[in-house]
Amino acid sequence: PSVPRHTNRLINEKSPYLLQHAHNPVDWYPWGQEAFDKAKTENKLIFLSVGYSTCHWCHVMEEESFKSKEIGEIMNEHFVCIKVDREERPDVDKVYMTFVQATSGGGGWPMSVWLTPDLKPFAGGTYFPPEDGVHHVGFRTVLLRIAEQWKENKDALLESSQRILEALRHTSEIHVRGQESPPPAKEVMDTCFQQLSRSYDEDYGGFSKSPKFPTPVNLNFLFTYWALHRTTPEGARALQMALHTLKMMAHGGIHDHIGQGFHRYSTDQHWHVPHFEKMLYDQGQLAAMYSKAFQISGDEFFADIVRDILLYVSRDLSDQAGGFYSAEDADSYPTTTSREKQEGAFCVWAAEELRALLPDPVKGATEGTTLGDVFMHHYGVEEAGNVDPMKDPHQELKGKNVLIARCSPELTAARFGLEPVQLSALLQECRQRLSSARAQRPRPHLDTKMLAAWNGLMISGFAQAGAALAEQGYVCRAAQAAAFLRTHLFDPDSGRLLRSCYRGKDNSVEQSTVPIQGFLEDYVFVIQALFDLYEASLEQGWLEWALHLQHMQDKLFWDPKGFAYFSTEAGDPSLLLRLKDDQDGAEPTPNSITVTNLLRAACYSGHMDWVEKARKILAAFSERLQKIPVTLPEMVRATAVFHHTLKQVIVCGDPQGEDTKEMLHCVRSVFSPNKVLMVADGDCTGFLYRQLPFLASLERKDGKATAYICSNFTCSLPVTSVQELRGMLSP
């Protein structure tokens, strides 16, 4: 490679996204005091650009504008330019995205915001093309106009930014009003179900026409709604909606049939043509959802998809030290000699390429049938490509095919005169050949940043899958990742989590010079993961760490006046707003998950203050939960768990004994959204017995493993029959 012409301060950062911009002609600064001081000293506006390393339009704006010498000169002359990785600094991203959404009605990345020297926003948007067009103003023009405004109307801009900030403060406040209590669970659950039901796509599953997102929070809500209404038509419909959505996604092009795992979202109604990036948080949540689908239905199809996701993560998103990487990009070079990257190039196929790779005649099939014929029929391959030109604005997928299972295995087998078992083996052989061929292509960029929050979601995915599928290897992988977090993303001296660490040279794990402290989402998702890991492994050390982190979360983020938790801790003067997220999106909002975390923590510790905190969170969000619960499906689910009270399922017995293992297998194989599992092994010096002294009074009946189902620490009669226990576990 040639020596770069330009190098800016981002060369000293660890974030893969910031390093991608280290050789732009723009004089980029990372978010920090050096940039703020320069803006004040030179009385310059700040241009803030926020994105992430696998963001397609971020790459486009960099190629068009940030690599342009001429545009770079305008930016450097008139602005102090700051680059932020939104995954590394979600706090900064949320403050300014709140502004962009409020003032433009939309949002997304790259996010482009202009700030006064004291960091107050006054203008913003997302992607800007470099030059003016018929229907849009170009980035160059916007830069020059804003610079002119600052020169001519500085006072008006400052006044405007102050007014905007006050309005944002007012509209973004979430707090308890008067003597509010948690909303009634039944009404909130029913309204949320009706709102989801109205937006449900009966044909293809999912909850919009296009674009279509996986939204695991919706599926998790539907599973809980079914569990609490399983004898009603509404309950049956909720389950059908969730299982059909998961099946259609697995058949669709959003699922990588050759390389496993799921892409970010579908650009069409049919789950066919995806936006090709792959995010860790999707894999973690979808592994958990497909595990629950398997628990409920017993259908091996769902278990196979769980294994598919976890194979992808283990192979492609795993650091050798045990952590999980953040994402894989959508764009890559089509061939080793290509000069420009294209979206989806790593994943798509031309028909003639498939014919060349799969020429073998198929024994026992209709005469003249090749492997290619069978595979192309099953996966909807067309000679001229199967991508709708309307879904391919840049013509990057012209003549290419995105694989989508168009037929059931039974129909494909019948079409070619094959037995279903034979077809399954043939398709497996084809997929392996294509996987080998794909391995010769240039890979997409891998974001090797490791985030505490997303690692938490992935640990939950492995732990829940290990419990539901009775796969000890998955539980071990979850434990390895949790140990990685404790080593690399936890400061034992302060007792606090850190946000991020990075793959360094020689595959070592590196930390920033000034580590980024953990945010609310890091605590919440890691605590959830540790509870899931305890239930799958019964290692009490994970429980102890979870309860420690819950105390720390209370100390750093709790709002004693308005209730609920702030997303960030107090005391950072560069953050203009302390926000509380109020929408479950690609990831659930932390306050939604923390309600269930607090209830679980109380069950494991007897610390009833946590139940009161859960009540206060639901009270703070009460108005939103009653008006538009569909924006907070995970918190609606938590409302039901709160009102139904968690069942403590306590198994007394030797964890290594076969009778105990049989009972544990029963508990883990039943989907019950309002249970916590613990084992009383008779060791009165252990952590659990110290937390819950009443465990010492529970005995094995007739020397056998015995289960008790307790509510608020009041226990049922002892149960020694697995069948009886199974019946008691349903809500």
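This is a predicted model: local features need pLDDT of at least 70, side-chain atom pairs count only at pLDDT 80 or more; totals for chains, interfaces and linings use all residues.
The domain assignment divides part of the protein chain into three stretches. Domain 1 covers residues 10–172, domain 2 covers 347–440 and domain 3 covers 648–729. The centres of domain 2 and domain 3, taken over C-alpha atoms, are 50 Å apart.

Empty space was examined next. Rolling a probe the size of a water molecule over the atoms shows where such space is left. The structure holds 5 cavities of 30 Å³ or more. Helix 11 gives the most to the lining of the largest cavity, namely 7 residues. By class, the lining of the largest cavity comprises 16 nonpolar, 11 polar and 8 charged residues.

The second largest cavity holds about 90 Å³ of space. It is lined by 14 residues. Nearest its centre lie His255, Asp256, Cys347, Val402 and Leu403. Of the lining residues of the second largest cavity, 8 are nonpolar, 4 are polar and 2 are charged.

Pockets are open spaces, unlike cavities, from which the probe cannot get out. The second largest pocket has a volume of about 880 Å³. Its lining has 28 residues, with Asp304, Tyr379, Ser424, Gln428 and Arg431 nearest the centre. Four helices each supply at least two residues of this lining: helix 10 (233–251), helix 12 (300–316), helix 15 (409–416) and helix 16 (420–438). Helix 16 provides the largest share, 8 residues. The lining of the second largest pocket contains 12 nonpolar, 9 polar and 7 charged residues.

Helix 22 spans residues 609–620. Its 12 residues reach 17 Å from the first C-alpha to the last, close to the 16 Å expected at 1.5 Å a residue. The buried residues of helix 22 are Trp610, Lys613, Ala614, Ile617, Leu618, Ala619 and Ala620. Their cover includes helix 20 (540–557), helix 21 (590–605), helix 23 (622–627) and helix 24 (633–644).

Helix 24 also has 12 residues, which should span 16 Å at 1.5 Å a residue. Its end C-alpha atoms are 17 Å apart, so the length agrees with expectation. This helix is mostly covered, with 10 of its 12 residues buried. Buried here means under 20% relative accessible area. The buried set runs through Pro633, Glu634, Met635, Val636, Arg637, Ala638, Thr639, Ala640, Val641 and Phe642. These residues pack against helix 8 (185–199), helix 9, helix 21, helix 22 and helix 23. Just after helix 24, Thr645 takes a positive phi of about 65°.

How values were computed:
Residues are numbered from 1 along each chain as its sequence is written. Side-chain values use heavy atoms; hydrogens and water are left out. Domain bounds come from an automatic or database domain assignment. On a 1 Å grid over the protein atoms alone, a cavity is a set of points where a 1.4 Å probe fits but cannot get out, and a pocket is an open set with protein on both sides within 12 Å along at least five of seven lines; lining residues have an atom within 4 Å of a point. Grid points are joined across faces, edges and corners, and a volume is the space filled by probe spheres set on the points. Ala, Val, Leu, Ile, Met, Phe, Trp, Tyr, Cys and Pro count as nonpolar, Asp, Glu, Lys and Arg as charged, and the others, Gly among them, as polar. The expected span of a helix is 1.5 Å times one less than its number of residues. Buried means under 20% relative accessible area, exposed over 50%, partly exposed in between (1.4 Å probe, protein chains only). Contact means heavy atoms within 4.5 Å.
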